[in-house]
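Subject: Structure handover

Hello,

Here is the structure I promised to pass on. Please open it first, then read my notes below.

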Amino acid sequence: MSHPLFQRNPFRMVTPVPRPAQPTPLPVVPRSVAQLSFGARPVPTPGLSDAARSQRARYTRDAVLSASPARLLTMLYDRLLLDLNRAESAQLAEDWATASNNLIHAQAIVSELASTLKVEAWNGGAGLFALYTYVSNALMGANTLRDVRRTRESIALLEPLRQTWHEAADLLADAPSRTVVPGGDLGIG
């Protein structure tokens, strides 16, 4: 027993904790906006063929890949609020599996929003990052504790932001063209 942990206290024997042969894989969080699902998740739709489902998924993927940074941001917020509203409904119906799936997807979107935020690009960047961190923790609590109040709180915090980003994107679309600034018009990208 030459390991340093065993030599700290010669009067007390420390036994190592057995480790599993195979480590448990961690969930993969998408690191690219193109990897996030915007409704292309396979949802059983009565009367819809596999070809039609595939075509819908391809259309959604193409819409995401060809969208401007401002449009991508509004798409992310729209999907985030859709997931949160679905999670709230599932929690109220005590359908915990559906609630968990929607909350996990919402967490992935919040993580993507936080990781692509350019905090130094504008005065409110640090505050928005803090809000994303708070909401991420609230969503984890909503999922693990099955707490619909935390889901509702997240919706209440994020819905005004969604509306504001839509208004900002509309203003950018109405504005005359100008030179593209690295980092995007909204401080993302």
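A term you need at once: pLDDT is the predictor's confidence in each residue, on a scale from 0 to 100. You need it because this is a predicted model. A second term is contact, meaning heavy atoms within 4.5 Å.

Confidence

Start with residues 9–15. Their pLDDT stays under 50. The model gives this stretch 4 contacts beyond four places in sequence. Residues 23–31 also have a pLDDT below 50. That stretch has 9 contacts in the model beyond near neighbours in sequence. Where pLDDT is low, the predicted coordinates should not be read in detail.

Now the whole protein. Its mean pLDDT is 79. A value of 70 or more is reached by 67% of the residues. Confidence is lowest in helix α1, residues 4–7, with a mean of 46. It is highest in helix α5, residues 125–144, at 97.

Overall make-up

The protein has 6 helices and 0 strands. Along the sequence the pattern reads α-α-α-α-α-α. Of the 189 residues, 31% are buried. Take the contacts with a separation of 6 or more: 64% of them join residues 24 or more positions apart.

The α3 and α4 pair

Helix α3 spans residues 69–92, and helix α4 spans residues 96–116. How are the two packed? Their axes are 8 Å apart, at an angle of about 155°. Angles over 145 degrees count as roughly antiparallel, so α3 and α4 are roughly antiparallel to each other. Their crossing is left-handed.

Which residues meet there? From α3 they include Leu73, Leu76, Leu80, Leu84 and Ala87. From α4 they include Trp96, Ala99, Leu103, Ile109 and Leu113. Arg79, Asp83 and Arg86 of α3 also take part, as do Asn102 and His105 of α4. In total, the residues of this contact divide into 14 nonpolar, 4 polar and 3 charged.

Val135 lies in helix α5. Is Val135 buried or exposed? Its relative accessible area is 1%. Buried means under 20%, so Val135 is buried.

What does Val135 touch, leaving aside its neighbours within four places in sequence? Its contacts are Val110, Ser154, Leu157 and Leu158. Val110 is also one of the α4 residues that meet α3. Ile155 is 20 residues from Val135 along the chain. The C-alpha atoms of Val135 and Ile155 are separated by 9.2 Å.

Best regards

Methods
Residues are numbered from 1 along each chain as its sequence is written. This is a predicted model: local features need pLDDT of at least 70, side-chain atom pairs count only at pLDDT 80 or more; totals for chains, interfaces and linings use all residues. Side-chain values use heavy atoms; hydrogens and water are left out. Helices (H or I, at least four residues) and strands (E, at least two) are DSSP runs, numbered from the N terminus. Axes are lines fitted to C-alpha atoms, for helices over the stretch in contact, and angles run from 0 to 180 degrees between N-to-C directions. Angles under 35 degrees count as roughly parallel, over 145 as roughly antiparallel, 65 to 115 as roughly perpendicular and the rest as oblique. A crossing is left-handed if the near helix is turned anticlockwise from the far one by less than a right angle, and right-handed if clockwise. Ala, Val, Leu, Ile, Met, Phe, Trp, Tyr, Cys and Pro count as nonpolar, Asp, Glu, Lys and Arg as charged, and the others, Gly among them, as polar. Buried means under 20% relative accessible area, exposed over 50%, partly exposed in between (1.4 Å probe, protein chains only).
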